[in-house]
Amino acid sequence: MEAGQAGWKEGDGTGAWTLEPPAGDKLLGSWRNPKGGKPQALALTRVSWNGEGNACGSDAYNLELEVFPALQVGKVQEFEGKKYRSLRIADVVTLELLEPGDRLAGLNRTLRAELPGKPEDIADYFATRRRFLGDMGLAAEDETHTEPVFWSARWITINFYRWAAGYGRNGITLDYRTWDLQSGEEINLWQWFVAKPPDGNANPLPDKLKKFLFKNLKLDKECQGGYKDEGDYRVSLKNDGMQFWEEAYGTGCEQNFLVPYAQLGPYLTPQGKAALRDKLDR
């Protein structure tokens, strides 16, 4: 806060405090919204603290603040002409897809179920905030957002992004999840290339597909002894093909391939051929 003529103003302009002189362990006053309205009464009481770490990380400071957050509904946004909005509770974000009719009702219920429903679901959220309050005196939480990255009449892929507070680049999680809009079922795109892929959406390239992708690739000298194709790849749907790509970690050696649908046939499982039949026949 910064001092103002009429009391204390919150530094981000979200409110103004008027405080009376302290009376023992009591501090009375009021808070006013900068947009107007009736002032809200304040009654603060000094509490005991064991002196370990920063008092801002203590039970006395946090317990009254750690109430289950309300649902936040974001503004309507568009992705290639299709509308959606975000839904957030604490640091968990999901989407609601906005389309006339009830075709997406089942998927919307599935997406909404990603949100926490009880206090124990957000224990990590409160723990992270306490840790930063105790260590730095400032509240912090994981950076999260969710957005569609592919959306056709048949499929949708949504990226659930999280950057864990305090962990640098290694704290970034990119969770790309795809649903069949006809059945409402979530699918693992790697099953189109590997009958039984490992868990997760980043996997090694199947040998046959890897040979095809790297057949005519010329690697820079600095990449020949290191990164090459040893990393795990993600697979993404695109309008004109499927993309196979490695996450960037700063080496500049990560590879990115876009394969037209017409060229994918030899590398698909029966499940993949069935899913992409319309595109392979073009």
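Modeller: Two residues are in contact when they have heavy atoms within 4.5 Å of each other. Helices (H or I, at least four residues) and strands (E, at least two) are DSSP runs, numbered from the N terminus. What you see is a predicted model, where local features need pLDDT of at least 70, side-chain atom pairs count only at pLDDT 80 or more, and totals for chains, interfaces and linings use all residues. Residues are numbered from 1 along each chain as its sequence is written, and side-chain values use heavy atoms, leaving out hydrogens and water.

Let's start with helix α3, residues 123-136. The expected span of a helix is 1.5 Å times one less than its number of residues. Some of its residues are buried (under 20% relative accessible area; exposed is over 50%, partly exposed in between, with a 1.4 Å probe and protein chains only). Y125, F126 and F132 are among these buried residues, and the buried residues of α3 pack against α1 (59-62). After the helix comes G137, with a positive phi near 75 degrees.

Now to strand β14, residues 234-238, where four of the five residues are buried. Two strands pair if DSSP finds at least two bridges between them; β14 and β15 (residues 241-245) run antiparallel and are joined by five. The hairpin linking β14 to β15 passes through two residues, and K238 has G241 as its bridge partner in β15.

R234 lies in β14, and it counts as buried because its relative accessibility is 8%. Its contacts include L174, Y176, W190 and F244, leaving aside residues up to four places away in sequence. A polar atom of the R234 side chain sits 2.8 Å from the backbone oxygen of L174.

Finally, the cores. A nonpolar core is a set of buried Ala, Val, Leu, Ile, Met, Phe, Trp, Tyr and Cys residues joined through side-chain atoms within 4.5 Å. The largest one has 24 residues, and W192, F193, M242, F244 and L264 have the most contacts inside it. Elements giving two or more residues to this core are α4 (207-214), β14, β15 and β16 (256-260), with the largest share, three residues, coming from α4. Apart from this core lies another, of 13 residues, F79 and W179 among them.

Note on methods. Polar contact = N/O pair within 3.5 Å; in protein donor to acceptor, adjacent residues only side chain to side chain.
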